[in-house]
Amino acid sequence: MQAEHKSILSLINSGIASALKNEFKADQSQIENILKKTTVSIPDDISNGHWTSNIAMVSAGILKSSPRDLANEVIKVFAENEVFEKIEIAGPGFINFFLTSESLLRQTEYLHEQFLETIKHINPRKILIEFVSANPTGPLHVGHGRGAAYGDALKRMLELVGHSVTTEYYVNDAGRQMDIVTASILLRSANIGAEDFPSACYQGEYIKAISADIVLTPDECKTIEDFLKDLPADEDEAIDKICLDLKNLSKIWDSAKNIGLQSILGLIKKELSDLGVDFDEWFYESSLGGLDDSSSLLKQALEQSIDTAGYEKEGAYWLRSTDYDDDKDRVLIRRDGRVTYLASDVAYHKNKLDRGFDQLINIWGADHHGYIKRIEAAIESVGYSKSSLLVLLVQFANLYEDGKKLKMSTRSGTYYDLGSLIEMVGADVTRFFYLAKQADQHLDFDVSLAKSESKDNLYYYIQYAHARISSLEKKYEAAMGSLPSSISANECPEALIEIIQMLMKHASTLLNSVERYQPHLLIYFLRELAQKVHQFYNEVNVLKASPEEASTYMFVLLQAKQVIDQSLGLLGIQAKEQM
RNA sequence: GCGCCUGUAGCUCAGCUGGAUAGAGCACCUGGCUUCGAACCAGGCGGUCGGGAGUUCGAAUCUCUCCAGGCGCGCCA
């Protein structure tokens, strides 16, 4: 008998639906309640079946019947189907489906259909992922790299399951930090000596390099030198005064600011590009405009926000964020008339939603978690629901080499920015290590391990499985003339069944990984799949098997290869044909 | 003090939307290459899942509490 459904998952799902309606006589609300809790999955232990469902147990409470009686009703539905070797009721009421060898092998031809069945309930959304968004004040550090790898992987994964995803980098080019960068460049251009160079300024070598592009007259240098006299003792006040004075030299200030921004963004884009991360959009804070322009995005958003959820107190304008569980209300416009960082974010997030995205994902360093409530309040204050925003936190990454923590400060001699990390271990390995651990947990990045092309390095273990299949593929094709496009045997070794089980698990793993925004789950799946491939490879010699067996083995291995290739691709990593 | 994250084998970590006997790598011990790639495989050793209580058919997973560690609590960004 030919199976009505090509993928076993579809077959079991429809059988269960039928059992609920016709055998259990459940009403609509009971059915929905039961299906919500029901799982159809592949057990870790093959002795519990190739597929298993907990439906009898979750139905028992709702239908006030015993799990085993209900399980027997379910089994009836499948009685006539020859794809099953047997169906058992086990333990407290698990229904375990065992497939015949033939139908199990045949499943490898329907992996795509199974994938479609797995993701069919997903409603496509229009998603904007904003990440990295580091201030344009210098090269990216290794923490930014982690966010970059994470956001980029999420984009690829969300798109695969049907969402429309745009990635965006928010450039803070309008704030005080940018002013300090500009001042740092100009002071370097004016050849201010090391002793007089303010400590609040950016000290990096890249600033010196940029300053070479700004040519000042002797008079201008003299003027700038004079700005350093009689400064306030407080570091912050001093740098603010320097910036204020320098801004009066509006021509060279604008020029230095522009060159500085472009140069540093150039550095950042280079590092991201080296990591393989490209953004769809670059949004400049400066494009929000200022309060002096009544038509600016900033002005309009703040008016709306303050009108609906703000108030004036002590000369400043506040957002009543305590209405949304924030600890205290937050200032939008300072007493001196300047806007806060939050004010820009009010306008920026309103703009994001005005652009028609129905889901915003912000990826932030975990140290910003206290900022979530006020952004939610900000979004509500401009007429949108806070549920449209999802903030995903990324914990900091520490680098270790030979068991010692690498310091990441500019002052010490060892400064590890993202670029130097990529240079040390390579972009693919860097991404792999970033993504191998859940994003919201601290990452100890072992540089020695990442650099070592050894068995200790999981990256190579997975790549090796892919390369082995690739190598076999070439030899097979040379010997047989072509590659198999279907299954031709009815039986196979247990080691191959193990690979098939992993292939069947792939769709649900991917879905789980996407829905939880956790790419690392994919990596652990790959490790297990690679392990099964290596085991099979050691146990069975494909090229020495009969033609019928060999083509079957090769077909399954090629499916495994494709799954590895695609999964690594989602992580932004190129699978290796040879190594 | 309040908020968020974390605590699983000697080490590094999976598993956490409740599911069957808690997994892997490293380390340590024992085996497997005269050709499909040994960057591999097979076996052994190793755990009161931080402590306690609760919820239920079932808890590493959910709730509460305590202990320990990290981070955050600006009219900074």
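Arg176 counts as partly exposed in this predicted model, its relative accessibility being 31%. Its side chain meets that of Asp240 in a salt bridge, with N and O 2.8 Å apart. Because Arg176 belongs to helix H8 (residues 176-189) and Asp240 to helix H11 (residues 235-248), the pair ties together parts that lie 64 residues apart in sequence. Asp240 is likewise listed as partly exposed, with a relative accessible area of 35%.

## Salt bridges

A search of the whole structure finds 30 salt bridges. Three of them, including the pair already described, are set out below.

| Salt bridge | N to O distance |
|---|---|
| Arg176 and Asp240 | 2.8 Å |
| Lys532 and Glu498 | 3.0 Å |
| Arg106 and Glu109 | 3.3 Å |

The side chains of Lys532 and Glu498 meet in one of these salt bridges. This pair links distant parts of the chain, with Lys532 in helix H21 (residues 520-539) and Glu498 in helix H20 (residues 494-515), 34 residues apart. Lys532 counts as buried because its relative accessibility is 14%, under the 20% limit for that class. Glu498, at 24% relative accessibility, counts as partly exposed. Elsewhere, salt bridges with shared partners join Glu473, Lys474, Lys561 and Glu577 into one network.

In the salt bridge between Glu109 and Arg106, the closest N and O atoms are 3.3 Å apart. Glu109 is partly exposed, with a relative accessible area of 26%. For Arg106 the relative accessible area is 26%, and this residue is partly exposed.

Of the RNA strand B atoms within 4 Å of the protein, 59% belong to sugar or phosphate, while the rest belong to bases.

Individual polar atoms show how both parts of the RNA are approached. An N or O atom in the side chain of Tyr461 is 2.3 Å from a phosphate oxygen of RNA strand B. At Tyr341, a polar backbone atom lies 3.2 Å from a phosphate oxygen of RNA strand B. Val540 places a backbone N or O atom 2.6 Å from a base nitrogen of RNA strand B. The elements giving two or more residues to the surface near RNA strand B are strand S4 (94-99), strand S9, helix H19 (458-480) and helix H21.

## The sheet S8-S9-S10

Strand S9 also takes part in an open sheet of 3 strands, ordered S8-S9-S10, in which the pairing is antiparallel. Strand S8 (310-313) and strand S10 (330-333) stand at the edges with a single partner strand each, so one side of each has no neighbour in the sheet. On average, neighbouring strands of this sheet are turned by 40 degrees against each other, direction ignored.

Strand S9 (residues 316-319) pairs with S10 in the antiparallel sense over 3 bridges. Trp318 stands opposite Val331, which is in S10. Helix H14 (residues 341-354) lies across S9 and S10, running at about 75 degrees to S10.

Strand S13 (residues 397-401) and S15 run parallel and are joined by 4 bridges. Asn398 has Asp444 in S15 as its bridge partner.

Is Ser567 buried or exposed? Ser567 counts as buried because its relative accessibility is 0%, and buried means under 20%. This residue is found in helix H22 (residues 547-570).

Which residues does Ser567 touch, not counting those up to four places away in sequence? They are His506, Leu522 and Leu526. With His506 there is also a polar contact between the two side chains, at 3.4 Å.

Definitions and conventions
Residues are numbered from 1 along each chain as its sequence is written. Chains are lettered from A and ligands numbered from 1 in the order in which they are written. This is a predicted model: local features need pLDDT of at least 70, side-chain atom pairs count only at pLDDT 80 or more; totals for chains, interfaces and linings use all residues. Side-chain values use heavy atoms; hydrogens and water are left out. Two strands pair if DSSP finds at least two bridges between them. Axes are lines fitted to C-alpha atoms, for helices over the stretch in contact, and angles run from 0 to 180 degrees between N-to-C directions. Contact means heavy atoms within 4.5 Å. A salt bridge is a side-chain nitrogen of Lys or Arg within 4 Å of a carboxyl oxygen of Asp or Glu. Buried means under 20% relative accessible area, exposed over 50%, partly exposed in between (1.4 Å probe, protein chains only). A residue is near a molecule or strand if one of its heavy atoms lies within 4 Å of it. A polar contact is a pair of N or O atoms within 3.5 Å; within protein, one must be able to donate a hydrogen and the other to accept it, and residues adjacent in sequence count only if both atoms are side-chain atoms.
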